[in-house]
Amino acid sequence: MSTCAPRACCRPRAPPTLLDITAKIVASAIPFQRIEERYERIPEPVQRRVVYWSFPRDERDICMYSSLARAPPDDHRSLAFCRGLKLLEAGCVESVLQVGFHLSGVVRAPAAVPPCSEPERLYRVTVSFDRCKITGVTCTCEARDIFWCQHVVALALYRIRNADSVRLRVPISETLLQMDRQQLQKFVQYLIAEHHTEVLPTAQRLADEVLQARSAINRICGAPDPTAGPPPDAHHAWHLDEQQVCEQVRAYLLQGTYYNANKQLNSLFSKVREMLRAQDSNGPRMLMLMTEQFLSDPRLLLWRNQNTPMTEKCRQLWEQLGALWVSIVLDPGSNKHHRMQWRHLLDKWSAVEVCPTEDPDYRSFPLYARERERNERDRDRDHRDRDRDRHRDREERDRERVREREERDRERHRERQRREMHSHSESSDEESRPNNYEREYRRASKRLRLHNQRSTPLTPRTVFHKALDAVDISWENDHLKNILGSDEFSDPEKPDKAGASMETTLQPYPKFNELGQPLWHEHLPVVGARIEALRAHGRAPAALRLAVAAGRAMRHRQEVAQQRWHDAGGGEASGSGAACASDSCAGQCDRAKLSLVCAHMDAGACLPCPSPAAPTCALSHSQRCIGRDSRCWTGWTLEAIWCVYECLADACLAPDDQRASPRLHTYIDEEPNTGLPPRYQHVPVAGSKNPEETYLALALEAALLGLGMQRMLPHGLYAQERYCKQEERLISQLQRVEGEAAAGVCARVARALLAGGPSSCLGTKVHPRSAPAHTFARFLFLALLPSDPELAYRVGLRAMRLPMVEEAYSLDGGSAAAGGAGAWHTLQHAEQQQAALASALLGAARGNPSRLRAALAAAQRHVRSAAQLFRLAQDALRHAAPPDAPHHHRDLLAAAFELGLQVLRMTLSAVNWRRREMVRWLVTCATELGLDALLSIMQNWYELFTPTEATGPVAAAAMSHATALRLGLSFEQQEKLSACARTLALQCAAKDPPGCALSALSVCEGSAGAFEAACAAVGGAAARGALASSQLFAVARYMEQRGQPARAMRLATLAMRNLHLHYNQDSHPAIADIHWAVALAHSLGRAELQAMLPLLVKNVQCAPVLSDVLRRCCVAAAGCSRARPPPPRPPTPLRPLLEAALRAYASTTHARLAHISPRHYADFVDFLGKARDTFALAHDGPHQFAALLQEIKLKYKGKKKLMFLVKERFG
């Protein structure tokens, strides 16, 4: 056993006495002051036994407050608990005295190892306790930490292990009662004399107050006694340093996303869970302190102002915080007062401006932007109100003038009528004035009504809103209480109705199944929260019973969904082959049927309310389930499925498994990373009437049904990524379950899902927004393949669909469930999983042509990503032609070739950076398949390749000698393949001359007729201007190498006509081609050179290029070697070239001087040097150069430094 292993606190050698039995109960439950108030005199032996049993008796309680909840195995020795245990075993605890409920002692810390010069020290430790809980600790070591120091641990362990040897005294007040006046006076004087420097001022102050008759001390009956325990109404909890908790959490949060800080915070969360399991009241208290520090994190304000999401590590910590609060408020043992307190706290935290939202992808306006927007809105409203008032005043004045004019007119009219009739008693304005009042009243009422109808923006749900929803969840349902209370709970009337129940329609939400076993129908996230809360508060048996009832209810709902789908006219046949009778419905029939049945396929619901007073389920606060509303419990259903599965699977761990075996300290390392997967065994369900029902089978069935449920893809990047991770995590756990029973459960669930209709992700119809099921289907396929291949392929082929991609990445706008759908951020992950499933289907179909054709058809139909389809084709080729296999699988090789053809068709008109790799791979695959495959891709090249690709790697690979050796072709077959390649080259040259001219000529070299046809095609394209100058020069050089200089000259002439070289392009890549063309013309004769020079003079304005061409032509015309100097003047045919060079130098000189900078002066002087050498070739060249210099000096005399350099160089 390890040195850190706890030992039993008490090993009685004889049966306990009645006094000890009663003292144990009283000491753990009743405050000592209550006993003193009840009885006037308590015998000292009774007091001793009560005080004796009031100290904690379990070392695990000491360890819980002196060590982390999670610690690596190599850090166990550094924990305070282990160090205190070493001090105890080394005999370092001395002078232990227990006076009432007060324990004191001295812990001696031994001297350090010689390299360290730390001497031996003594630490005084005091511990206060009451009702088996340590309520206060002090130590002179002054350690600053959340947990107790090793000295407190050593003293507490000493009291637990050596309880009988500790000196025990009753509370000091009882001792003082036994003293007379003289003894009391002596006691006080000796106490003051012993500690006169510390207690003398306090003693004198108390003596003065006692001597005053009306002092507060004299008005109080009795006196305080610290050794008699705390008062009954005081908070009774284990000692927890709240200040240290706040400081440590604040320090960890300030460290950011460092690994150690996250590890420490996760350990604190685990410590809270440990306290909850022990039903310690410090668990909620510690979590409340942590929450306050989390909300005061300065990074929250920064993220809110910058409108950026928090880091993933920080988000995970906040999610743990919210989940813990859900478990706390769902405590079955909590009362209404506690829940109201938690509601108040959660409401207050949710109202904090920087509180993180429940939706990680929610973005709000920053605080400063919101304030600015509010100010601008108020300012705009003020301006509008001012303009409205001004406009209203103007209109009122206009109306008043009109009213006055009308009043005068009416007065005149009334006067005339009065004179004529003398019978009018009312005037018309008295009738109009009430109408004006009524109009103004209506206008004011309308303004008031519009003001009252302004909709206030809905505040987003925070991470605490789930806990707020959970506050109202009740545990008062009688059916739920019966489920949690006993394994034997069942329907007593079910055996009498068993025969009739098999013939009737299944009820949607019954309380019992056909065997009379209880079911619990509720929204699945609520069920998962209940299970997690029960396990968190140490009620594992009740959680297991609820998980069993929930798993059976999931099975029942699947059966109900399947029956409803068949009753609605659905089924596998109707979904796969049957069509609607009317073509005009455009799928509305299936859509209506889907929406009709999907209304009953949620994760749990409540029965209709029979009366207004009766609740629908355990949630007695309302008539609906928490989570049915879109604003409530917007979490991921996979979390609830994980809770159900984990609760059931933990009951099946093998006794010799590392996780299930009794460990030394489960509170130190809850889940040791041993590197070994857990081992499960089948344990029958307690109280089950089905002897084959085990916890492991039920866990596997519940997980498979939960994963197979059709659910909507969550919104937002973080939500979708988390959904994928949770699915992979759950499937990785399911992969550890092995055996024939597991295969049977997988087969049964797979058949149910295939026939489940819209409630199943493997049903015939799925919603476009439905979450992909490729990862789950691949697991099912691999699990079913050894035992039932046909069923495995049915599952795999059904799950290959990806509706969102197949509907051109658009959602079904006519469906209510698709409203407000966001983007699909994990599309690449879904396509990867789809390709992995297709690869598994193709690889397992090797040797079975019918399955291979079905898998190939499904892949070609449903895989819409070219990259994933190419990966699938590569996998198929790898399965078909493994390197160490002597024979290849022709069917699978043909399937890989078909997939490759589809990939090239998809990427022919789209940009794909792997296109070149795809083309080469297809040629390789066709080579592996044979001659016919190569001929087919070359004959149908326009559907697969671009002309450049067809004349490049495709034609080259077809005509290579390695391909002929690989295929073992005869001479006739080689000629056939070469002829096909030459035909392909000619077609490509005719379709795309710029890209295929040179490669087409290279391919057609072996046939004179094909080569002539290619030359004619290239020449015609060149004449039409379809080829650029660089391409023409390349083809001309090729023709020269082939020994056809005349054709090369014609192509070079065409290239020169299309070439234009400006004065500043002295580094143009075509300069080498110009020199080559001039040399070719000079080698062919004087006529060709004279035809080339006008093109050169016309299209080239670069002076250095012209001078270089002139010098080379002069050297060639004189017939002199390079060692001899060039002639002073060029021959007559080259005079136009010389004049063009001189003009180019003159114009270039002025162009460069217009925008010259001092750092280019040296380059300009060198340029003038080259110009002087060229001017020297002309008859009057020196005079022209001198005139150019004089013009420069006069025109640019302001550039003194440049003129100085020119004068220094040229005089």
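Q: In this predicted model, the expected span of a helix is 1.5 Å times one less than its number of residues; what span does helix α1 reach from its first C-alpha to its last?
A: Helix α1 takes in residues 18-29, which is 12 residues. At 1.5 Å a residue, the expected figure is 16 Å. The model comes out close to that, with a reach of 17 Å.

Q: Why do the buried residues of α1 sit on the same side of the helix?
A: The buried residues in α1 are Asp20, Ala23 and Ala27. They lie on the same side because the arc they cover around the axis is only 60°. As background, an α-helix has 3.6 residues a turn, so residues three or four places apart point the same way. For α1, the answer is that arc of only 60°.

Q: Which exposed residues does α1 carry on the face turned away from its buried side?
A: Start with the buried side, where Asp20, Ala23 and Ala27 are found. What covers those buried residues includes α3 (44-53). Turned away from that side is a face with the exposed residues Leu18, Ile25 and Ala29.

Q: At roughly what angle do the axes of helix α13 and helix α15 cross?
A: Helix α13 is residues 282-295 and helix α15 is residues 312-329. Their axes come within 11 Å, and the crossing is left-handed. The angle is roughly 145°.

Q: How many residues of the contact of α13 with α15 are nonpolar, polar and charged?
A: On the α13 side, the residues are Pro284, Leu287, Met288, Thr291, Phe294 and Leu295. They meet Leu317, Trp318, Leu321, Leu324, Trp325 and Ile328 in α15. Sorted by type, that gives 11 nonpolar, one polar and no charged.

Q: Where is Ser95, a residue with a positive phi although it is not a glycine?
A: Most residues other than glycine have a negative phi. Ser95 has a positive one, about 50°. Its place is in strand β1 (residues 93-99).

Q: Is Cys132 buried or exposed, and what is its relative accessible area?
A: Cys132 is another residue other than glycine with a positive phi, near 65°. You'll find Cys132 in the loop between β3 (121-130) and β4 (133-139). Buried means under 20% relative accessible area. Cys132 is therefore buried, with a value of 16%.

Q: What percentage of the residues in the protein chain is buried?
A: Zooming out, the protein chain has 53 helices and five strands. Of its contacts with a separation of 6 or more, 73% are between residues 24 or more positions apart. Among the 1211 residues of the protein chain, the buried share is 45%.

How values were computed
Residues are numbered from 1 along each chain as its sequence is written. This is a predicted model: local features need pLDDT of at least 70, side-chain atom pairs count only at pLDDT 80 or more; totals for chains, interfaces and linings use all residues. Side-chain values use heavy atoms; hydrogens and water are left out. Axes are lines fitted to C-alpha atoms, for helices over the stretch in contact, and angles run from 0 to 180 degrees between N-to-C directions. Helices (H or I, at least four residues) and strands (E, at least two) are DSSP runs, numbered from the N terminus. A crossing is left-handed if the near helix is turned anticlockwise from the far one by less than a right angle, and right-handed if clockwise. Contact means heavy atoms within 4.5 Å. Ala, Val, Leu, Ile, Met, Phe, Trp, Tyr, Cys and Pro count as nonpolar, Asp, Glu, Lys and Arg as charged, and the others, Gly among them, as polar. The expected span of a helix is 1.5 Å times one less than its number of residues. Buried means under 20% relative accessible area, exposed over 50%, partly exposed in between (1.4 Å probe, protein chains only). The arc is that of the directions from the helix axis to the C-beta atoms.
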